[in-house]
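Here is a short report on one protein chain. Have the sequence and the 3D view ready as you read.

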Amino acid sequence: MVSGVAERYAKALLDLAEEAKAVDAVGADLDRFSGLIAESPDLARLVKSPVFSAEEQEKAVTAILAKAGIGGLTANFIRLVASKRRLFALPGMIEAYKSLVADKKGIVRAEVTLAEQPSPKMLADIEAALKDVAGGSIALNVKVNPAIIGGLIVKLGSRMIDASLRSKLNSIRIALKEVG
């Protein structure tokens, strides 16, 4: 779910990136920073916690950006977000930016959740099937969630198909409660 604040910041960043002809470069830098947040519990805490002041967040983010080699428009944007005390919304801003770029390029975003890491062949088959359904290019995001037990959950644009074993077992459980 992307908030209105995240959407507005992402739109402004996209406008600046288009002006600078750096849409893909900014996207790559945002992906790298998003990966850093996912890898580091300390960075995730810095991003989410309201305890840190804007100055502390900006100083820490500046050091992280320098160490990660993220500069230019992306670094300026992330520092601005930190200075405005909006760092908590940065993950949403990154998602909104990726979504806006995909829309501009005519790419349908798809998210597939599986119980275990898929093989390259299975991934290629899923991607081919989704391309057929979408009728064009797709940007595939694969998530692994062992809690679904088996099967998969597909989110394609605004549609969702839950073919997980967990949801099927829940359906059977509900049906058995109604019978007995």
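## Strand pairing

Strands β3 and β4 run antiparallel and are joined by 6 bridges. Two strands count as paired if DSSP finds at least two bridges between them. Helices (H or I, at least four residues) and strands (E, at least two) are DSSP runs, numbered from the N terminus. This is a predicted model: local features need pLDDT of at least 70, side-chain atom pairs count only at pLDDT 80 or more, and totals for chains, interfaces and linings use all residues. Residues are numbered from 1 along each chain as its sequence is written, and side-chain values use heavy atoms, with hydrogens and water left out.

β3 and β4 form a hairpin, with 2 residues between them. Gly157 sits in the turn and has a positive phi of about 65°. β3 (residues 151–156) also pairs with β1 (residues 108–114). These two strands run antiparallel too, with 5 bridges. Ile153 of β3 can be followed both ways: Thr113 stands opposite Ile153, and Ile153 stands opposite Asp162 in β4. In a regular strand the side chains alternate between the two faces of the sheet.

## A buried serine

Is Ser164 buried or exposed? Ser164 counts as buried because its relative accessibility is 1%. Buried means under 20% relative accessible area, exposed over 50%, and partly exposed in between (1.4 Å probe, protein chains only). Ser164 lies in strand β4 (residues 159–164). Leaving out residues up to four places away in sequence, Ser164 touches Ile148, Gly150, Gly151, Leu152 and Ile153. Contact here means heavy atoms within 4.5 Å.

## The whole chain

The protein chain has 8 helices and 4 strands. In sequence order, the pattern is α-α-α-α-α-α-β-α-β-β-β-α. The C-alpha trace spans about 60 × 40 × 30 Å along its principal axes.

Of the 180 residues, 32% count as buried. Among contacts with a separation of 6 or more, 66% come from residues 24 or more positions apart. The chain exposes about 10,800 Å², and carbon and sulfur atoms supply 58% of that area. Accessible areas come from the Shrake-Rupley method with a 1.4 Å probe; for residues, only the protein chains shown count as cover.

## Two nonpolar cores

A nonpolar core is a set of buried Ala, Val, Leu, Ile, Met, Phe, Trp, Tyr and Cys residues joined through side-chain atoms within 4.5 Å. Which residues of the largest core touch the most other members? They are Phe33, Phe77, Ile78, Leu87, Leu90, Met93 and Tyr97, out of 33 residues in that core. Helices α1 (4–19), α2 (23–39), α3 (41–48), α4 (54–68), α5 (72–83) and α6 (90–105) each supply at least two residues. α6 gives the most, with 7 residues.

Tyr97 shows the packing at one site. Neighbours within four places in sequence aside, Tyr97 is in contact with Ala10, Leu13, Leu14, Ala17, Ala22, Val23, Val26, Gly27 and Leu30. Another core lies apart from the largest one. This other core has 8 residues, among them Leu114, Leu130, Ile138 and Val154.

## Salt bridges

The structure holds 11 salt bridges. A salt bridge is a side-chain nitrogen of Lys or Arg within 4 Å of a carboxyl oxygen of Asp or Glu. One of them joins Lys98 and Asp31 (3.3 Å, N to O). This pair links distant parts of the chain: Lys98 is in helix α6 and Asp31 in helix α2, 67 residues apart. Lys98 counts as partly exposed because its relative accessibility is 26%. Asp31 is also partly exposed, at 39%.

Lys98 meets Glu95 in a salt bridge as well (3.6 Å, N to O). Both lie in α6, 3 residues apart, about one turn of the helix. Salt bridges that share partners join Asp31, Glu95, Lys98 and Arg109 into one network. Elsewhere, Asp42 and Arg45 meet in a salt bridge (2.4 Å, N to O). These two lie in helix α3, 3 residues apart. Asp42 is exposed, at 53%, whereas Arg45 is partly exposed, at 46%.
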